[in-house]
Amino acid sequence: MSNISVYDELDQAIDQMLQPQLASPSFPQRARNGWGPQRRRDPGTPSQTDEGNIRELVELAADLRDLPRANFKTRLKLELEWEAAGRRVSAGETDQQSARGVAPASGEILPSLFGKNWAGYPVRRINFALSLALHGVMAFLVGAGFLMVKSYVPRVAPQPYVTVRLDPYPVRIGSHPSGGGGSGGAADRMRASAGVAPPAAREQLTPPIVMHSMSRPRMAAAATVIAPPDLAVPRTQQIGDPLSALTTPSNGPGVAGGIGGNIGGGVGGNRGGFGRGPGAAGGCCGGPYSVGNGVSMPRAIYAPEPEFSEEARIAKFQGEVTLLVTIGTDGRAKNLAVVRSLGMGLDQKALDAVRTWRFDPAKKDGRPVAVQMNIIVNFHLF
Amino acid sequence: MNAVANLANLTSLNDERLLIQAAQSDPSRFAELYESNFNRVYAFVARRVKDREEAQDVTADVFHQALRNLGGFQWRGVPFAAWLLRIAANALADRWQRAARSVEVPAEDGQIENEAGMAETAEVERRAMLFQLVDRLPNDQRTVVVRRFVEQKSIREIAQELGRSEGAVKQLQFRALETLREQVRKSHE
């Protein structure tokens, strides 16, 4: 006898037990008489012992028909726990029935909306309503977000952050001749002759001179002009006024030593001093001063912020523009030039803005002087 | 053996009294009493109603009433199950009031009034144990039992749902019933 036959016998008997209308005679009668008359026997049919065995199992199976549904016990326990916690799950007989496994009426829409839960979990109406409302708000926010993103036109408010650095551009210090100064002379009839300025020194012992009136000075000292010692200028044997076109040696019509047409110990053609060039004091070769060496930094007293160009604003382009600017004695920015370009139209915006700025001019020895300096304009979006 | 003694098989009276006192002071502890008495109450009700849905309905009523009235329960040395079965009998009586059907239940003091009542109580205990043993079956056997006898599906349907052959499902059915029979026998020894 194979086990498969016993399994089939048992299943056949269980089928008849579960479908009493097909079982004839009734279950108790068949249980007493055995299951033989209804089955087709073959050589492997169960023995009498197997029949008794099957009968016992079928009787056991009959009791199992009354088993509760699989989730009923758990669901009822959950319901009781809620009730024990003081939270009434749902009121009404219909609600209790639904929690016990009675299916909702056909065609009923969203039964849990009204607390008639069929999902195996007790539901309170207020919870469902709150959940529904919360989901509605979230859906609204998501939808509104999509609409805002879709209709958004990129527009960045021009809020440039401008940093005005009035300190000299580092590269410029010491590599550019100091300006200003000049004049001097030895009361000659001719203007100063052409030549280069003598070496620069911070203090002048001997003003430059083209023609020595003293062949043997008691204390020899090299002629200098007042300027930073590291000032680099062309060197030739002929000392003279760099701005002059005359080649006939002359100290110029000025006085107080030096070369030029005025008073002072410098080289130049203006008011004198100890420098080089047409300015006052002891500089060289004309042009503005650089900040430092006794020349104070100009102070910005009116510096409106530059505008962003439309192109840079759309591209959210940021950076710095470095301008080389001469701050005149009148406090205005002149001779502007772009040293480091940024592009996107921001160079022009920086130039336009700095032209409108007003400065308290730089001073040397208490007098306003023109200085050349770098101004870095920062364009930053926030 | 006295039938009331059978009711006290699963939990000793002393332990049960402590559980009741705990549940009376903290209703959330009622779950332990529920777990130990669910099968008994359900088996009692299931023998007296016409279908499973009604049995579940009445069982739920019984435990809801028990939870609500637990504060008024007074320990008299009688198993808690007797009190629950009294509630179940009353619930059934209310339902059958029109049909005027009577319900045989243990008296509230735990004494069984006649021989038929004792046999009834013993049968309830046997069924309660059987239902409890189903929960302890291996997963695959329990699945087959539930689908075959509770949902009353055919072997072919179960085989399709589980993705197994019909022979394998029949074998699981056979083994589950054999296991249950052995366990029931052991419990009576």
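I took two strands as paired if DSSP finds at least two bridges between them. Helices (H or I, at least four residues) and strands (E, at least two) are DSSP runs, numbered from the N terminus.

**Entry 1: ground rules**

I am working with a predicted model, where local features need pLDDT of at least 70, side-chain atom pairs count only at pLDDT 80 or more, and totals for chains, interfaces and linings use all residues. Residues are numbered from 1 along each chain as its sequence is written, while chains are lettered from A and ligands numbered from 1 in the order in which they are written.

**Entry 2: chain A overall**

I began with the secondary structure of chain A, which comes to eight helices and 12 strands. Next I looked up burial, calling a residue buried if 20 or more other C-beta atoms lie within 10 Å of its own, exposed if 12 or fewer, and partly exposed in between, with C-beta atoms placed from the backbone. Of the 382 residues in chain A, 37% are buried. For contacts I used C-beta atoms, placed from the backbone, within 7 Å. Taking the contacts in chain A between residues at least 6 apart in sequence, I noted that 70% join residues at least 24 apart.

**Entry 3: a sheet in chain A**

I then turned to an open sheet of three strands in chain A, with the order 8-7-12 and antiparallel pairing. Strand 8 and strand 12 of chain A are its edge strands, each pairing on one side only. Neighbouring strands here are turned by 30° against each other on average, direction ignored. For such angles, axes are lines fitted to C-alpha atoms (for helices over the stretch in contact), and angles run from 0 to 180 degrees between N-to-C directions. Helix 8 (residues 346–355) of chain A packs on this sheet and touches strand 7, strand 8 and strand 12 of chain A. The direction of helix 8 makes about 40° with that of strand 7 of chain A.

How many bridges join strand 7 and strand 12 of chain A? I found nine, in the antiparallel sense, between strand 7 (residues 319–327) and strand 12 (residues 371–379). Within this pair, A:Thr322 stands opposite A:Ile376, and A:Thr326 has A:Gln372 as its bridge partner.

On the other pairing, strand 7 and strand 8 (residues 333–340) of chain A are antiparallel over five bridges. A:Leu323 has A:Val338 of strand 8 as its bridge partner. The hairpin of these strands has five residues between them, and A:Gly331 takes a positive phi near 85° there.

A:Lys316 is found in the loop between helix 7 (310–315) and strand 7 of chain A. Is A:Lys316 buried or exposed? It counts as exposed, because it has 10 C-beta neighbours inside 10 Å.

A:Met344 is not a glycine either, and its positive phi is about 60°. Its place is in the loop between strand 8 and helix 8 of chain A. A:Met344 has 20 other C-beta atoms within 10 Å, so it is buried.

**Entry 4: where chain A touches chain B**

I looked up the contact next and found 33 residues from chain A and 35 residues from chain B. On the chain A side, helix 1 (3–18), helix 3 (48–64), helix 4 (72–84) and helix 5 (93–99) each supply at least two residues. Helix 4 of chain A gives the most, with eight residues. By class, the chain A side divides into 18 nonpolar, three polar and 12 charged residues. I counted Ala, Val, Leu, Ile, Met, Phe, Trp, Tyr, Cys and Pro as nonpolar, Asp, Glu, Lys and Arg as charged, and the others, Gly among them, as polar.

Helix 2 (residues 13–25) and helix 3 (residues 30–46) of chain B pack at an angle of about 135°, with their axes 8 Å apart. B:Leu19, B:Ile20 and B:Ala23 in helix 2 meet B:Phe30, B:Glu32 and B:Leu33 in helix 3 of chain B.

Last, I looked at nonpolar cores: sets of buried Ala, Val, Leu, Ile, Met, Phe, Trp, Tyr and Cys residues joined through C-beta atoms within 7 Å. Of the 63 residues in the largest one, B:Val41, B:Val45, B:Val62, B:Leu84 and B:Ala88 touch the most other members. A second, separate core of 26 residues includes A:Tyr289, A:Val325, A:Ala350 and A:Val371.

Technical notes
Contact = placed C-beta atoms within 7 Å.
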